[in-house]
Amino acid sequence: MKILSVEQVAQLIKTHGIENYLKDLIQQLRSDFGRWHEFNKMPRPAMHVPGGVLELMPICDNTYYTYKYVNCHPKNPESGLMTVVATGQLSRIDTGYPIMISEMTVLTALRTAATTALATDLLSRKESHVLAIVGTGAQSEFLVKAIGLVRTITEVRYFDIDPVAMDKFEKNIKASSSVILVRCASAEEAVKGADMITVCTACKAHVDVIKNDWVRPGVHINGIGGDCPGKTELEFSILSRSKIVVEYFDQCIIEGEIQRLGYDQGKSQVYAELHELVTAAKSGRENENEITLYDSVGVGLEDYSALRLTYELAERYHVGQELNLTPVVVDSKNLISVLT
Ligand SMILES: NC(=O)c1ccc[n+]([C@@H]2O[C@H](COP(=O)([O-])OP(=O)(O)OC[C@H]3O[C@@H](n4cnc5c(N)ncnc54)[C@H](O)[C@@H]3O)[C@@H](O)[C@H]2O)c1
């Protein structure tokens, strides 16, 4: 079985090129969301623990089964740890044998960014050029890179309550892009004049990070950080003004911005699931004035796409370590032989 460490995933992304990886992943996501009904899936089971949440994300089609273990502990950075870390597994469904175990902290950032780019492509105005990022933590640079593959970004306006996170973001973006960077003193200043707003903060509470008054017609919003019961980032009144698209209603109604609508109101107010836009069963943006909201929580299908692509690339570039995490025996019934 292939084992991929963080360093090996980094090596693989470097070899393939991060832009190429994101482009390939957007394509893989299009293809996998396009066959949404072929997947056996469920809203992720979550265990709420002091300070955070621990989640398992299983899904399968008729070729592979994948799952990801992921957490969210917003106070971890205070002790030098990351808010979100993850690991994942890819298994064959014909035999049930696992074929890869991988780090998924980096892969989560890549797949979240790639899915956000896919949604942004389907929902934002074609001539959107100004991107606001509120929350410049671990996910932020990935999001800018991926959205930059579907829209020509000329200006990024950004804000975080942590000035050190803003310094880091500025340094990282400058190292790989010549986009105009506008450091803002508030979220309000960041979203002023933006065509696209991406909110990616971490706080386990209902926080009005973005206020309704600041949201002008024609804007597209990616709500990324509201992804757990009791954890939202948008002023509630934004929802009734927006055309809302979710990944998977049954999970998003528990975890997303729409959790505050409740099931029945959510059913009537949510416009579509992402796969319906991908297959063109429903239109994306229909005019220049509508406010569109991609209410993301992250679903197993995105991890499936990332693990599948990563496995193919790891095979192609011979990256990763082969280890027996399942027994190799001559007689399949003689398990005890591995001990002798
Ligand atoms: N939807 C998805 O698929 C998905 C995937 C990954 C992470 N997430 C979520 O995204 C969020 C961010 O993840 P991360 O790994 O970047 O975390 P992080 O802790 O590295 O960054 C979060 C940033 O938000 C900032 N912040 C907190 N409150 C703020 C506020 N009111 N205004 C402005 N900035 C604020 C923090 O200072 C921090 O820099 C988390 O809530 C995580 O659960 C969602």
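## Legends for close-up views of a predicted model

**View 1. The second largest pocket.** The residues that line this pocket divide into six nonpolar, three polar and two charged. The model is predicted. The second largest pocket holds about 270 Å³ of space. Its lining consists of Glu19, Val144, Lys145, Gly148, Leu149, Ile153, Val156, Ile173, Ser176, Ser177 and Val179. Two or more of these residues come from each of helix H4 (140–147) and helix H5 (163–176).

**View 2. The shell around the ligand.** There are 26 residues around the ligand. Which of them come nearest? They are Thr83, Gln139, Asp160, Asp227 and Lys231. By class, the shell has 12 nonpolar, nine polar and five charged residues.

View 3. What lies 3.0 Å from an oxygen atom of the ligand? A polar side-chain atom of Arg111 does. Ser296 places a polar side-chain atom 2.9 Å from a nitrogen atom of the ligand. Ile161 uses its backbone: an N or O atom there lies 3.5 Å from a nitrogen atom of the ligand. How much of the ligand's accessible area does the protein cover? On its own, the ligand has 860 Å² of accessible area, and the protein covers 89% of that.

**View 4. The largest cavity.** The structure holds one cavity of 30 Å³ or more. The volume of the largest cavity is about 50 Å³. Which residues line the largest cavity? Trp36, Lys41, Met42, Pro58, Ile59, Tyr248, Gln251, Val299, Gly300 and Leu301 form the lining. By class, the lining of the largest cavity divides into seven nonpolar, two polar and one charged. Rolling a probe the size of a water molecule over the atoms shows where empty space is left.

View 5. The chain has 11 helices and 19 strands. Its radius of gyration is 20 Å, close to the 20 Å that the globule rule gives for 340 residues, so the chain is as compact as a globular protein of that length. Along the principal axes, the C-alpha atoms fill a box of roughly 70 × 45 × 40 Å.

Note on methods
Residues are numbered from 1 along each chain as its sequence is written. This is a predicted model: local features need pLDDT of at least 70, side-chain atom pairs count only at pLDDT 80 or more; totals for chains, interfaces and linings use all residues. Side-chain values use heavy atoms; hydrogens and water are left out. A residue is near a molecule or strand if one of its heavy atoms lies within 4 Å of it. A polar contact is a pair of N or O atoms within 3.5 Å; within protein, one must be able to donate a hydrogen and the other to accept it, and residues adjacent in sequence count only if both atoms are side-chain atoms. Accessible areas come from the Shrake-Rupley method with a 1.4 Å probe; for residues, only the protein chains shown count as cover. Ala, Val, Leu, Ile, Met, Phe, Trp, Tyr, Cys and Pro count as nonpolar, Asp, Glu, Lys and Arg as charged, and the others, Gly among them, as polar. On a 1 Å grid over the protein atoms alone, a cavity is a set of points where a 1.4 Å probe fits but cannot get out, and a pocket is an open set with protein on both sides within 12 Å along at least five of seven lines; lining residues have an atom within 4 Å of a point. Grid points are joined across faces, edges and corners, and a volume is the space filled by probe spheres set on the points. Helices (H or I, at least four residues) and strands (E, at least two) are DSSP runs, numbered from the N terminus. The radius of gyration is taken over C-alpha atoms; the globule rule is 2.2 Å times the number of residues to the power 0.38.
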